[in-house]
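Please look through the sequence and the model shown below before reading on.

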Amino acid sequence: MQFYKERILNAAQLKRLSEHKYSCTSASILDAWLQPWWCWLVSKTPLWLAPNLITILGLIINIVTTLILVWYSPDGRQEPPRWACAVCALGVFVYQSLDAIDGKQARRTGSQSPLGELFDHGCDSISTVFIALGACIAVKLGDYPTWMFFQCFCAMTLFYCAHWQAYVTGTLRMGRIDVTEAQYSIIAIHLVSATLGAEFWSTKVGALELRYSLGGVALVGTSLTVGALAAAIVAGGVGKNGSTVAGTSILSPVIPFSFVVVPAFIIFQKSESHVYENHPALYILAFGMVAAKVTNRLVVAHMTKSEMEYYDWSMLGPAMLFLNQYFNNALPEYYVLWLCTLWVCVDLIRYCAQICLEICDHLKIRLFRIPYPPASTAASMHASDRNAASDSEKSDPEDVAPLLNNNSIIS
């Protein structure tokens, strides 16, 4: 385990990362339908706008709109204003759209790099926590805290398992019903809450309320993803003797993530002050940022073909809560939860910032800026000027569409 004064990536890891080639397969139903919208949107995007800037902008919008819901319903039991649900729906839509075009913009400007893939996945790992939390608040799932816990941690687990499978097989695989379908389903949930109110989800169909459908969908999605992961594990990895891309055990990634989920559940169950039930949003954000950090480290391990370390400095946050309980709540759990949240957020930001700086330094690129006009674009425009001046002044969606035929990740 290392702290931030030391470099996170060594020279061998940086070399392997620079040689990394993105591999993804997608059978998503909605992706094919949304390609015209994404192609049109990227064609209207200025060529000077860096892909990573598009990604971070979408993440910020998603975080802010979700925090508005959290502000009005921090326990998930109060009905949020309808306009807040509408704004959150817009935030998810904007995030999804920008996340889909960042890779297209990278190809369009010739600025694609391994850093873009890592940066995109890192933002997605954080966004997953906020999107799941926002959906729970929109249906007032705080009335059933255990279901809310299950719902949010299912989302984090699904995202982690997808990258675990990529670590084993070398390819990120997206099914017929995957992340895009989930995001648009959550947009629909927010719109229903904005139109009919969050109380609508309390309507009973038979013996069950409608909001329980979220848990059912999460359960089905988790089962399918874990099933696909189990199949990949049984088939063996792409490394030597069926190991991962790094040559490590295909079961090794389960340990770091267990250090997140298991303590989260134990602390939730053992809390005498019911810290989770009283402050579910803050609790989920705290452990969600730890899950995001661990997922980022898995992505880095995949791209650098390296072994994952089992322990991480972010786990000091949950350890605070655990030790406080062990010593009979020497400090009020609510204050310790806030301290845990601040620690894990700062730790995640510092880790991501240092990783990005190290990669930028190695690849001789900038995180949020690209050369303008890009060399490849300038050459293409010069050739077009000689043949057909009109073609050089526009971005044809047919030219953009082949760039990435899935929910683009590389930036």
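## Overall make-up

Among contacts in the protein chain (heavy atoms within 4.5 Å) between residues at least 6 apart in sequence, 83% join residues at least 24 apart. The secondary structure of the chain comes to 15 helices and four strands, where helices (H or I, at least four residues) and strands (E, at least two) are DSSP runs numbered from the N terminus. Of the 411 residues in the protein chain, 51% are buried; buried means under 20% relative accessible area, exposed means over 50%, and partly exposed lies in between, with a 1.4 Å probe and protein chains only.

This is a predicted model, in which local features need pLDDT of at least 70 and side-chain atom pairs count only at pLDDT 80 or more, while totals for chains, interfaces and linings use all residues. Residues are numbered from 1 along each chain as its sequence is written, and side-chain values use heavy atoms, with hydrogens and water left out.

## Helix 4 and helix 7

The axes of helix 4 (residues 82-109) and helix 7 (residues 179-196) come within 7 Å and cross at roughly 160°; axes are lines fitted to C-alpha atoms, for helices over the stretch in contact, and angles run from 0 to 180 degrees between N-to-C directions. That crossing makes helix 4 roughly antiparallel to helix 7, since angles under 35 degrees count as roughly parallel, over 145 as roughly antiparallel, 65 to 115 as roughly perpendicular and the rest as oblique.

Residues that make the contact include Cys85, Ala89 and Phe93 of helix 4, and Tyr184, Ile187 and Leu191 of helix 7. By class, this contact of helix 4 with helix 7 has 12 nonpolar, six polar and one charged residues, where Ala, Val, Leu, Ile, Met, Phe, Trp, Tyr, Cys and Pro count as nonpolar, Asp, Glu, Lys and Arg as charged, and the others, Gly among them, as polar.

## The buried face of helix 12

In helix 12 (residues 316-326), the residues Gly317, Pro318, Leu321, Asn324 and Gln325 are buried. Seen down the axis of helix 12, these buried residues fall within an arc of 125° (taken from the directions from the helix axis to the C-beta atoms), so they line one face of the helix. Their cover includes helix 9 (254-270), helix 11 (280-304) and helix 13 (333-363).

## Loop residues with positive phi

Histidine 274, in the loop between helix 9 and helix 10 (275-278), has a positive phi of about 55° although it is not a glycine. At 43% relative accessibility, histidine 274 counts as partly exposed.
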